[in-house]
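Visitor: Please take me through this model by question and answer.

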Amino acid sequence: MMKKKSIPASKPFLILFLCQMISALDVPLDLSQPPTITHQSPKDYIVDPRENIVIQCEAKGKPPPSFSWTRNGTHFDIDKDAQVTMKPNSGTLVINIMNGGKAEAYEGVYQCTARNERGAAISNNIVIRPSRSPLWTKEKLEPHQVREGDSLVLHCRPPVGLPPPIIFWMDNAFQRLPQSERVSQGLNGDLYFSNVQPEDTREDYICYARFNHTQTIQQKQPISVKVFSLDSLNDTIAANLSDTDIYGAKPVTERQPVLLTPTGSTSTKVELRGNVLLLECIAAGLPTPVIRWIKEGGELPANRTFFENFKKTLKIIDVSEADSGNYKCIARNTLGSVHHVISVTVKAAPYWITAPRNLVLSPGEDGTLICRANGNPKPSISWLANGVPIAIAPEDPSRKVDGDTIIFSHVQERSSAVYQCNASNEYGYLLANAFVNVLAEPPRILTPANKLYQVIADSPALLDCAYFGSPKPEIEWFKGVKGSILRGNEYVFHDNGTLEIPVAQKDSTGTYTCVARNELGKIQNEVHLEIKDPTMIIKQPEYKVVQRYGQVSFECIIKHDSTLLPTVIWLKDNDELPDDERFLVGKDNLTIMNVTDKDDGTYTCIVNTTLDSVSASAVLTVVARPNPPFDLELTGQLERSIELSWIPGDENNSPITHFVIEYEDGLHEPGVWHYQTEVPGTQTTVQLKLSPYVNYSFRVVAVNKIGRSQPSEPSEQYLTKSASPDENPANVQGIGSEPDNLVITWESLKGFQSNGPGLQYKVSWRQKDVDDEWTSVIVANVSKYIVSGTPTFVPYEIKVQALNDLGYAPEPSEVIGHSGEDLPMVAPGNVQVHVINSTLAKVHWDPVPLKTVRGHLQGYKVYYWKVQSLSRRSRRHVEKKILTFRGNKTFGMLPGLEPYSSYKLNVRVVNGKGEGPASPDKVFKTPEGVPSSPSYLKITNPTLDSLTLEWGSPTHPNGVLTSYILKFQPINNTHELGPLVEIRIPANESSLILKNLNYSTRYKFYFNAQTSVGSGSQITEEAVTIMDEAMASRQVDIATQGWFIGLMCAVALLILILLIVCFIRRNKGGKYPVKEKEDAHADPEIQPMKEDDGTFGEYRLFSFVSSAPF
């Protein structure tokens, strides 16, 4: 047995598709069937009285039905009314109003009947009413004179129209009047003022009523409102008030809330199920009350509750019986509160639980029509047959009525009829037609043959098999032409013949066969299913933050089935992209050039194919420097402080971190802005300290992570009062420029530091440690004063005091200065030199008396120079060197001296004026040192067993040379060194012949000079003795022989193999005696002497011949 299943509630996306297929199960129009109403006008039909009235009634059936109408319960003979016509092949009436007819004459209740030989269907009762837009009745409107703070209600009272008009308030310029928590329009159209303010005074409060059906607007006469207070009471108003009114008037006082509407503490409200519930509370009071809503004993329904008109209106949509209850509005201000309880009852016009559905039966079958409805109060159910109450309709032995159900048994063709179910209560009615059609028909498949279905993988596949037959056919599905019947949980078989594959896979592709059979026949149909790969966005757009005027790009890279053609659409905030050339849409990206603030938002990439659609979104945040603050206000003005407040500008998506406050002194430095202070970004007021006699303007700069805003507009100016100076000049100094003067300097006060006009300075001085009176002088606004005729370098007490036209600054502190310096008078004495080594000496001297310095002691300078070298007795250009020792130091070190040399030095004292006289020159000598290396070493005239060495004396002997030291040793073919031989050579020699050397041997030589102090640095050279002639001859002869060449090649090959083996062993961790190679060229001074291993053969005795230099 195949598994059948109704449409599950959990799959709403299938409902529309399946409902379309269900409609395909209707009786084909080529078969006999009773009439069915397909279209009709609404029950309550309000028409425009200026246009023709069209009352619709369309029906289908076979044979095609005929139509008739009733009006107000009696037959409506359209042939007798020239203004009324019926459309051909239709029951729709057209009442001609535009050619002289009057709509009011055709008001009434109309009902249409469609009839053929198998039954009759009827329409709803259609109530026709022409719309009305009556004029406003004329009335005399008195001006409203209201005290400031009182409440006021301006009544609209529009004319009664059909349907009711839409109300709004405007002025003479057709501009809507602004509304707020304080002033708002009620549901009845009246304009409510919780409290009036002087700005409410005007003469053109006009209520308008718009009638949508007739597209007309009616206007009430303007209403005048005058708001007065005791402070602004003028003679005109006083003339209209009695003395009692005037003397009884009180200043504006705050009042606790009072409800303007609804009145009293409770009220009731009835609303119908499915409608919108509107509850209203408007209160008077000062300050303006705030409205809050609650439901007693429950919660306001989520997702269906809205607050309108500044929370004065509670709106609940799609109400049900569960929304019945008590709703409380609470109006509150700082003085108290008031509340009102509205008891809401939700009634219900009839609504369907189960509406009757058409029955198609074959002769002898059974069936039922069910009509179930609900409402509040519960509706009554009545049945009609072919438009006639079933109680008086012709009898049918196959029919039995059981309340809301009609039961049919063993029907015959004459049982075909149309039945009407009417469910009604005091709030309305429901009328439904359902026919019983008795037919005997073999199966039909209504779905086109070989229909192709294309479905995305992993999505449901719905294969249609719309059918008809009577009796109702059985439906079976097969995959493939000769496939087995489909069964199992992977398929769902719907009553309308549809085969559902809940999760279609690639292997679901193929041909499917639907077979319909009943007792009268069998038929089959093939459809084809293709499964496509889903469209995917493999690189989605990402959240972006970009600075204003920058560039940003969103990616949207897709993957799709190769047989589907995708289209990519970009949206901004779920709308089309702006028509702007800055937006560049590429193949897989969106680029925005020169980004502006308006580009901020959500960008969505939508990819559509014929089968699926995917999308991905990302947010673009445009950041920028803040907008400048505005509305700067100065309050709390005092002599030395003021409060500045401002309103921050837009932070442009980057929070403001701090505000910088700057000021301008328009009196002293107009146009120049100075830093005053800064405050955190959450602060918008600051208390600023002020200085006297400054014409302040302030401005504020906002700062965020992106940068600084433009400065705000300057605040108003604020001139502080003058005062005596608060401070004295800073950095007061007394320094003489000449031996007989004292120059007193200071930093002048800035303009705002003067505290008043007439800024001057009182300069005072007296000699320190002398019982003298202060000498003072008042100077203009300068920064220097020179005192002449002073003793040389004498300490003075100095002070500088600021004053202006209002007085003196506080007593200044004293500073010590000195009159001008002169050159020191005496030289340091008792100069002593202690030679530490050949390059370093220490010099001592006695300090000079401070009185002779005649200035600030800065230190001592030591001049020293080399007179001559003691080893050469030659003079050269004298280059004096200078070392400076700061302060009162009496010794110092002289580095970098040359050994074995004669030096002179002297010492001088230094002050701010310059150097004093030099001490007598002191002579000292440096001892010998080690010499430098010989200037050169040459090796010439090589023979079989001898070499000739020549050298030059050291460039810097640094003493008396005592000898030369020569060391040499042989080097074999593997660069290993042989035994070291040392020879001492007299200092007066410049060449040497070494004999008894080995032939054809390389030697390495180390050569240096010595003084009594020690050896100097060495110089090295290498040389080779020549080869024996006979041996050379034999070697040449051998080298020319072929056998020798072959032998050498074999030896080379063996060496190569040996090297490869060594390399492999070394990589495996083998060790070799490489120490000797590491020591091959080591310094002979640190190389240990080796035992004679016979490597170099026997050394001979040697002799040398030296010659003295020319």
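Visitor: What volume does the second largest cavity have?
Guide: In this predicted model, the count comes to 2 cavities of 30 Å³ or more. The lining of the second largest cavity includes Arg132, Phe211 and His213, and its residues divide into 3 nonpolar, 5 polar and 1 charged. The volume of this second largest cavity is about 30 Å³.

Visitor: How many residues apart in sequence are the parts tied together by Cys156 and Cys207?
Guide: The sulfur atoms of Cys156 and Cys207 are 1.9 Å apart and form a disulfide. Cys156 lies in the loop between β13 and β14, whereas Cys207 belongs to strand β17, so the pair ties together parts whose separation in sequence is 51 residues.

Visitor: Is Cys605 buried or exposed?
Guide: Cys605 is bonded to Cys556 in a disulfide, and the pair links distant parts of the chain, with Cys605 in strand β55. Buried means under 20% relative accessible area. Because the relative accessible area of Cys605 is 0%, this residue is buried.

Visitor: Which strands stand at the edges of the open sheet of 4 strands?
Guide: The strand order in this sheet is β82-β81-β84-β85, with antiparallel pairing. A strand with a single partner has one side left without a neighbour in the sheet, so the edges are β82 (981-986) and β85 (1019-1024).

Visitor: Which residue in β82 stands opposite Lys967?
Guide: Strand β81 covers residues 961-971 and pairs with β82 in the antiparallel sense over 6 bridges. Opposite Lys967, the residue in β82 is Glu982.

Note on methods:
Residues are numbered from 1 along each chain as its sequence is written. This is a predicted model: local features need pLDDT of at least 70, side-chain atom pairs count only at pLDDT 80 or more; totals for chains, interfaces and linings use all residues. Side-chain values use heavy atoms; hydrogens and water are left out. On a 1 Å grid over the protein atoms alone, a cavity is a set of points where a 1.4 Å probe fits but cannot get out, and a pocket is an open set with protein on both sides within 12 Å along at least five of seven lines; lining residues have an atom within 4 Å of a point. Grid points are joined across faces, edges and corners, and a volume is the space filled by probe spheres set on the points. Ala, Val, Leu, Ile, Met, Phe, Trp, Tyr, Cys and Pro count as nonpolar, Asp, Glu, Lys and Arg as charged, and the others, Gly among them, as polar. Two strands pair if DSSP finds at least two bridges between them. Helices (H or I, at least four residues) and strands (E, at least two) are DSSP runs, numbered from the N terminus. A disulfide is a pair of cysteine sulfur atoms within 2.5 Å. Buried means under 20% relative accessible area, exposed over 50%, partly exposed in between (1.4 Å probe, protein chains only).
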